[in-house]
Amino acid sequence: MNAFVALKDVTHAYGSGDGFPAVEHLSLSIAEGEFAAVVGPSGCGKSTLMKLATGLQFPRAGTILVGGAPVTEPVRIAGMAFQNPTLLPWRTTLENLLLPLEIVEPHRSRLKRERAAYVSRAEQLLAKVGLAGQGGKYPWELSGGMQQRASLCRALIHEPRLLLLDEPFGALDAFTREELWCVIRDLHAERRMTVVLVTHDLREAVFLADRIFCMSARPGRVVAERVVDFPRPRDLEITYTKAFIDIVHELRGHIADARKTA
Amino acid sequence: MNAEADSVSAAAEAEARAVREAAARARASRARRLMLAPWLCTIGFFLLWEAACRIFGVSSYVLPTPSDILDAIVAYWWPLLFHSFHTLWMTTAGFVIAIVFGLVLGLALGASRFVHAGVYPLLVGFNAIPKVAVVPILVIRFGVGWLPAVLTAFMISFFPIVVNVATGLATIEPEVEDVLRALGARKLDIMLKVGVPRSLPYFFGSLKVAITLAYVGSVIAEYNASRNGIGNLMARASADFNVPLLFAALIALAVLGIMIYAVMAWLERRMTGWAQRSQFAA
């Protein structure tokens with residue numbers, strides 16, 4: 001497999017000295033364009049994994065490759081979204097979307113000259129996630145689900161090749177969450193970027209991902225890897241099929257084992 | 001049958017409308033009462049004061065009645081106005097210096113942990129010194145005049161600005177920082193795009209506190225080392241045992257204080273309305 005994101009025998013601990021490691025001998029690899037999900041008990045180092053893959057933290061031991069090159073600085077080709085939408089309240093939704101473009105090259109130097117083009121691009125993206133015409137509103141005027149949609153747009157506006165999602169739907173109600181599953185499914189189908197989704201929700205992982213990694217309790221390691229080969233595009237109906245429920249059940253077993261050994 | 005049903009539904013509708021109107025009237029009268037409350041309280045306070053002085057026969061050397069004070073205000077309206085403006089001017093000058101200095105130092109403290117660790121204890125120590133104790137030193141160096149008042153106003157008021165601006169910068173959500181750093185944002189980018197706008201509500205919030213302190217500072221300095229200003233007027237009135245004038249000066253201070261506070265509060269609402277509407281964590 002031609003890996004786009006590869007971690008080889010990675011160990012990392014926070015702070016100075018020999019703190020108890022957050023992840024230990026962690027190895028995994030994800031192909032380009034693949035949708036990967038990482039599940040595990042809380043505190044298993046899933047967020048550490050995100051920081052390592054984006055170059056916000058560097059491991060104590062082991063190697064990390066993203067896009068074929070070792071990670072030695074923030075990767076710049078990644079978009080991130082979190083459980084908390086973290087939109088800036090003094091900017092309108094549209095201005096929030098443009099924020100990454102004010103940072104990352106080559107958009108940074110083009111933004112002033114080609115603002116109209118970028119604005120229309122942002123508006124198209126908003127329309128795609130069901131926020132057509134809402135760009136002028138401030139984040140506090142949007143509901144939680146709408147804020148999370150805008151946050152997804154912000155993660156995607158610079159067309160990253162790697163999208164990292166850290167429990168992005170965790171704070172939403174069940175119906176909104178399922179709607180957003182479909183939004184992210186369609187965006188992935190259209191753009192074919194590589195996605196790493198960290199989640200606690202096993203149904204979410206099985207519905208969205210091509211490949212699921214189960215992590216152990218701290219220090220985190222991959223204890224199981226499961227390929228999900230339901231044909232795409234997937235419909236929400238498959239979440240009620242026996243094959244789907246079997247996979248969820250199987251993953252549930254891995255997580256339960258991981259918690260027991262903790 | 002049909003007509004009867006119509007008349008029943010019409011009656012129900014009329015009743016519903018009456019209920020709605022009554023509710024609207026109740027809301028409006030509640031709002032009116034709320035608007036009147038500060039005036040009623042203030043007037044009540046002075047009436048109570050007047051009554052207490054008269055009933056217990058308090059000497060006007062101890063506590064003049066509001067009507068005595070009103071007489072003094074009328075008699076001395078020009079000196080009161082003149083010295084109020086002088087005090088306002090000293091306060092504003094010191095306050096403006098405090099804003100500039102407080103912003104620069106606050107940004108430095110918020111941006112660099114090293115500066116924060118190094119300078120903060122010094123700041124706390126300086127802030128702990130009662131500024132009344134500094135006025136004599138200022139007089140020795142600069143003599144009696146406007147400079148001690150401006151400097152005292154500045155010294156007493158910059159601290160809350162520094163602390164608030166630094167806090168706003170230091171409490172950026174780590175996730176926002178991660179999003180931007182992963183894109184290759186430099187420290188300066190994060191400061192300008194997130195830190196500074198984020199600290200603005202803290203900054204404008206601190207101005208309300210700072211202007212009141214600056215005002216205290218300038219009055220203290222005027223009392224001890226000036227030929228002008230409300231502080232100086234009070235020093236002279238107390239030397240003359242002119243207690244009603246002393247109280248008239250206090251009233252002038254209170255009115256001026258409310259005015260400058262209101263200006264700052266208005267400025268805060270105007271500049272950082274987003275923070276109040278989004279229930280920004282302060």
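A crossing of two helices is called left-handed if the near helix is turned anticlockwise from the far one by less than a right angle, and right-handed if the turn is clockwise. In the predicted model described here, helix H8 of chain B (residues 187–225) passes helix H10 of chain B (residues 243–271) in a crossing of the right-handed kind. The axes of H8(B) and H10(B) come within 9 Å and cross at roughly 165°; because angles over 145 degrees count as roughly antiparallel, H8(B) is described as roughly antiparallel to H10(B). Among the residues that meet in this contact are B:Leu200, B:Phe204 and B:Ile211 of H8(B), together with B:Leu253, B:Ile260 and B:Met264 of H10(B). By class, the contact comprises 13 nonpolar, three polar and two charged residues.

In chain A, six strands form an open sheet with mixed pairing, in the order E6-E7-E8-E3-E9-E10. Strands E6 and E10 (222–227) are the edge strands, each pairing on one side only, and the twist from one strand to the next averages 15°. Within this sheet, E3(A) (residues 35–39) and E8(A) (residues 194–199) pair in the parallel sense over five bridges, and A:Ala36 has A:Val196 in E8(A) as its bridge partner. Helix H1 of chain A (residues 46–54) lies across E3, E6, E7, E8 and E9 of chain A, and runs at about 155° to E7(A).

Between the chains, 21 residues of chain A are in contact with 19 residues of chain B. On the chain A side, strand E6 (78–82) and helix H2 (93–103) each supply at least two residues, with H2(A) giving the most, namely four. This side of chain A has 16 nonpolar, three polar and two charged residues.

Methods
Residues are numbered from 1 along each chain as its sequence is written. Chains are lettered from A and ligands numbered from 1 in the order in which they are written. This is a predicted model: local features need pLDDT of at least 70, side-chain atom pairs count only at pLDDT 80 or more; totals for chains, interfaces and linings use all residues. Two residues are in contact if their C-beta atoms, placed from the backbone, lie within 7 Å. Ala, Val, Leu, Ile, Met, Phe, Trp, Tyr, Cys and Pro count as nonpolar, Asp, Glu, Lys and Arg as charged, and the others, Gly among them, as polar. Axes are lines fitted to C-alpha atoms, for helices over the stretch in contact, and angles run from 0 to 180 degrees between N-to-C directions. Angles under 35 degrees count as roughly parallel, over 145 as roughly antiparallel, 65 to 115 as roughly perpendicular and the rest as oblique. Two strands pair if DSSP finds at least two bridges between them.
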